[in-house]
Amino acid sequence: MSIQLYNTLTGRKQKFESAEPGRVKMYVCGPTTYNYIHLGNARPLVVFDTLRRYLEYRGYEVFYVQNFTDIDDKVIKRAQEEGQEPLKVANRYIEEFFRDADALNVKRASLYPRVSEHIEDIIAAVQELLRRGYAYRAGGDVYFEVEKFPDYGRLSGRNLDEMRAGARVEVNADKRNPLDFALWKAAAPDEPAWESPWGQGRPGWHIECSTMSLKYLGSGFDIHGGGADLIFPHHENEIAQAEAQTGQPFARFWLHNGFITVKEEKMSKSKGNFFLVRDILSRFNPLAVRLYLLSTHYRSPVDFDDERLIAAEKGLERLQNTRRLLQEASDRLRRGSEETAPSQEKAAALRAQIERLKNEFVAAMDDDFNTARAIAAFYELAREINTYLHGGAALEAEVIELATATYEQLGEDVLGLLGRSQQQASAELVDSLMELIISVRQEARQRKDWATADAIRDRLKDLGIIIEDTPHGSRWKRSQG
RNA sequence: GGCGCGGUGGCGAAGUGGCUAACGCCGCGGUCUGCAAAACCGUUAUGCGCCGGUUCGAAUCCGGCCCGCGCCUCCA
């Protein structure tokens, strides 16, 4: 009954225990904010969000940090193309990021630190690396010297000799070793720059993540996640920087999700075969996209294909139907329209199934976060509940309550697949409808069509809604009783 | 060249030594239903890339081969 997670650092599943009892600290590399996110960006978002939800379900308090890379070559390039300030461009895409993430039912992280707001911290980190002899200056640049860090290559499972043999590393005369990487880059004339001990410049890519994760989570935090393409060099470099800087182990568990592929090929920006989440969401139910992403184990590749999205939509519909049927059943019970005595036998049978499937769900999730197996158990749960509801016997209130609570807990709290309930949706719809009615009435009043305006107010009053006109517009409330 | 992942029914996808190979989608048949929808039941792999081997027993372990993909370079 313990959680096992595959740790890239050790190459095997390990029992997960948080460093601090009851509290998990996790960091997931976020997007570079120069465009809408694509499906490949969405996978870690959904996967680690679900991991976070599961850990919370298992009773942990989770402190979840996700960064935004808002200073970077691509942001700068984009800004130049658009003739805008880089930070403005970044801000805009951060807003768009939240729209997509919200649609995918991704819970907000505890904190979203941005590079541009942590320049001081980064400069301090680079200074410390220089002081400790792990870094060197070359003109206005500062590089990390990989030879000085004996463990370099541990995460990605290679050593310096092997990597040099790869010979695909760009030659740079300023570097002592081709694999040395920039901690600080001198700025070109038109680029955003900050004053530093090495002149005007900006941070390298890797230093931001180690600096911000150390700042908010401290050395030895529990989980560091991201896409598998970040293992090398990004995460390798983070480890080198952080451990060289602090002399302490950096993160305890390294988790990496597999790629999204298109026709079996990796979806990537450089290949140009990527699909924006924004476009996908315009054609498919966002929660179906979420279901599709969780239907495969997080470390395996997932191929993007319309047919699979359609299948996911169908599956989702079934899962959401069960929730609706449960809602109807409890409404019926509340109205007291059940005439015969409930079947204790059938209720007991459902109770046993709920127990069994919930255990299966938890066992699957405990085993390296096997959402595919967990979802299978959830489908079975839906079927068992449907069978009971459809069985013709009188319903028993307590088992309906148990079924509803369990279904909601696994399906929404953990998997995030059910979305807003019927009740929440209705409440929101009422708000929107009232807004609509009030604006129609407002138009009538502007025309001085008092008859229509008064008729609307009177008829709403009959429905138990009171309109109050004020100098700033109209507001509404429900009448008492 | 180095390192690594994967090939399971029509399509996806679990399963890593032993009940009838989960689960979803699609198709077909049925139950229910005024109709429709929803829901439920049945049905689809004597077989898990190919060839050998180990074992009482393998999709699961070992060896070889074929095929697809990834990382080694910005990428989630």
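## Basis of the description

Residues are numbered from 1 along each chain as its sequence is written, and chains are lettered from A and ligands numbered from 1 in the order in which they are written. Because the model is predicted, local features need pLDDT of at least 70 and side-chain atom pairs count only at pLDDT 80 or more, while totals for chains, interfaces and linings use all residues; side-chain values use heavy atoms, with hydrogens and water left out.

## Domains

Chain A is divided into domain 1 (4-257), domain 2 (321-414) and domain 3 (422-478); the bounds come from an automatic or database domain assignment. Between the C-alpha centres of domain 2 and domain 3 the distance is 40 Å.

Helices (H or I, at least four residues) and strands (E, at least two) are DSSP runs, numbered from the N terminus. Two strands pair if DSSP finds at least two bridges between them. Four strands form an open sheet in the order 4-3-9-10, with parallel pairing. Its edge strands, each pairing on one side only, are strand 4 (61-66) and strand 10 (251-257). On average, neighbouring strands of this sheet are turned by 20° against each other, direction ignored.

Strand 9 (residues 221-227) pairs with strand 10 in the parallel sense over 6 bridges, and G227 has N257 of strand 10 as its bridge partner. Helix 6 (residues 205-217) lies across strand 3 (23-28), strand 4 and strand 9, and runs at about 160° to strand 3. Such angles run from 0 to 180 degrees between N-to-C directions, with axes fitted to C-alpha atoms, for helices over the stretch in contact (heavy atoms within 4.5 Å).

A second open sheet has 3 strands in the order 12-11-13, with mixed pairing. Strand 12 (265-266) and strand 13 are the edge strands. Strand 11 (residues 260-262) and strand 12 pair in the antiparallel sense over 2 bridges; the partner of V262 in strand 12 is E265.

## Helix 10

The 29 residues of helix 10 (residues 306-334) should span 42 Å at 1.5 Å a residue, and the end C-alpha atoms are 42 Å apart, which agrees. The expected span is 1.5 Å times one less than the number of residues. At the N-terminal end, D305 caps the helix, with a side-chain oxygen 3.0 Å from the backbone nitrogen of E307. Helix 10 is followed by G336, whose phi is positive, near 70°.

Technical notes. Polar contact = N/O pair within 3.5 Å; in protein donor to acceptor, adjacent residues only side chain to side chain.
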